[in-house]
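The following note sets out points for a colleague's review of the model shown below. Please read each point alongside the coordinates.

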Amino acid sequence: MLKLIKIIVPVLLLATSFFAGCKKEPFFKDTGVHDAKFNGTVLQYLNSKPVHFDSLSRIIKIAGMEEIFDKENITFFAPTSATVHQSVHALNNYLARSGRDTVTRLDQLKPAFWRKMLGMYVFKGNYGLKDYPQIDTAAMQAYPGQGYNSLSVNNEPGRTMNIGVVYNDAGGVKYAGYRQLMISYIGDYSNPTKSLILNRVASSDIAPSNGRVHVLQNLYIGTVYLIDIDGTLTPIKITLPQYFGFDVSNFIITALSMGIDP
């Protein structure tokens, strides 16, 4: 029986034979909303940005979901290839510690596995930032965002994800700053406001011909607290990875349960 794995993975991206390096471009900085009409489909948009989406494009092909991204009307919260690197690196760390061969090709993981992971980011219809409600993780009773069912693919059921817009502060005025989309994985449906794994959007409202793309961050700033001798807490900001599939433990457990090809 598989046991729940709790892992803290260092922010270290190892180059492997099937991963291309990532380089930040100005368009992918956290600059809010862009007027970004793209003359092509969602799939063509992803293929046109190999620096950011080469591994993601490969996963779409392995999963057999190219037609969805090329023909159906969808809203896609696009994780970058860096998040794929981070999740597979965590999986390989676990495999290595268990004395097992590591993953060197994305197609060693089953198509059904990739459909399950990828499906959490895809929604029917065309929805932009203006179409989602406000979310404030410090005031969830007032601004909880909203649950949306992700796409069901090849009998793989979708998952309810929380999506909302963060209203940032500006000049000391609450909610007066720029607005930023956020999608969250609900870890525990019985306690949905306390078990969110958050992923903010880096660039929103990219508009291909068959829907909308919101590009997700691949890193985020977290806070840890150091306890001084006198018992006071000192907050320290650290950079942490975002993972493909949101929950890295679930990514590992699901990959193992579905099987890994040699």
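1. Two strands are taken to pair if DSSP finds at least two bridges between them. Helices (H or I, at least four residues) and strands (E, at least two) are DSSP runs, numbered from the N terminus. On that basis, strand 2 and strand 3 are joined by 3 bridges and run antiparallel. Ile74 has Lys124 as its bridge partner in strand 3.

2. Some conventions apply throughout. This is a predicted model, in which local features need pLDDT of at least 70 and side-chain atom pairs count only at pLDDT 80 or more, while totals for chains, interfaces and linings use all residues. Residues are numbered from 1 along each chain as its sequence is written, and side-chain values use heavy atoms, with hydrogens and water left out.

3. The protein chain contains 6 helices and 10 strands. Of its 262 residues, 48% are buried, where buried means under 20% relative accessible area, exposed means over 50%, and partly exposed lies in between (1.4 Å probe, protein chains only). Among contacts (heavy atoms within 4.5 Å) with a separation of 6 or more, 66% are between residues 24 or more positions apart.

4. Strand 2 (residues 74–78) is mostly covered, with 5 of its 5 residues buried. Ile74, Phe76 and Ala78 point one way from strand 2, and Thr75 and Phe77 point the other way. Besides its pairing with strand 3, strand 2 runs parallel to strand 8 and is joined to strand 8 by 5 bridges. Within that pairing, Phe76 has Val213 as its bridge partner, and Phe77 has His214.

5. Strand 8 (residues 211–216) is likewise mostly covered, with 6 of its 6 residues buried. Gly211, Val213 and Val215 point one way from strand 8, whereas Arg212, His214 and Leu216 point the other way.

6. Val201 stands opposite Leu216 in strand 8.

7. Which residues in helix 4 and helix 6 meet? From helix 4 (residues 81–97) they are Ser87, Val88, Ala90, Leu91, Tyr94 and Leu95, and from helix 6 (residues 248–258) they are Val248, Phe251, Ile252, Ala255 and Leu256. By class, this contact has 10 nonpolar, 1 polar and no charged residues; Ala, Val, Leu, Ile, Met, Phe, Trp, Tyr, Cys and Pro count as nonpolar, Asp, Glu, Lys and Arg as charged, and the others, Gly among them, as polar.

8. The axes of helix 4 and helix 6 come within 10 Å and cross at roughly 60°. Axes are lines fitted to C-alpha atoms, for helices over the stretch in contact, and angles run from 0 to 180 degrees between N-to-C directions. Helix 4 and helix 6 are therefore oblique to each other, given that angles under 35 degrees count as roughly parallel, over 145 as roughly antiparallel, 65 to 115 as roughly perpendicular and the rest as oblique.

9. The axes of helix 2 and helix 4 come within 6 Å and cross at roughly 70°, and the two helices are therefore roughly perpendicular to each other. His52, Phe53, Asp54, Ser55, Leu56 and Ile59 in helix 2 meet Ser81, Val84 and His85 in helix 4. The contact of helix 2 with helix 4 has 4 nonpolar, 4 polar and 1 charged residues.

10. Helix 5 (residues 111–119) has Phe113, Trp114, Arg115, Met117, Leu118 and Gly119 as its buried residues. They pack against helix 2, helix 3, strand 2, helix 4, strand 3 and helix 6.

11. Asp205, in strand 7, has a positive phi of about 65° although it is not a glycine, and Asp205 is buried at a relative accessible area of 15%. Phe246, in the loop between strand 10 and helix 6, has a positive phi of about 70° and is not a glycine either; Phe246 is buried at 4% relative accessible area.

12. Leu240 lies in strand 10 and is partly exposed, with a relative accessible area of 24%. Leu240 and Leu219 are 21 residues apart in sequence and 5.6 Å apart in space, C-alpha to C-alpha.
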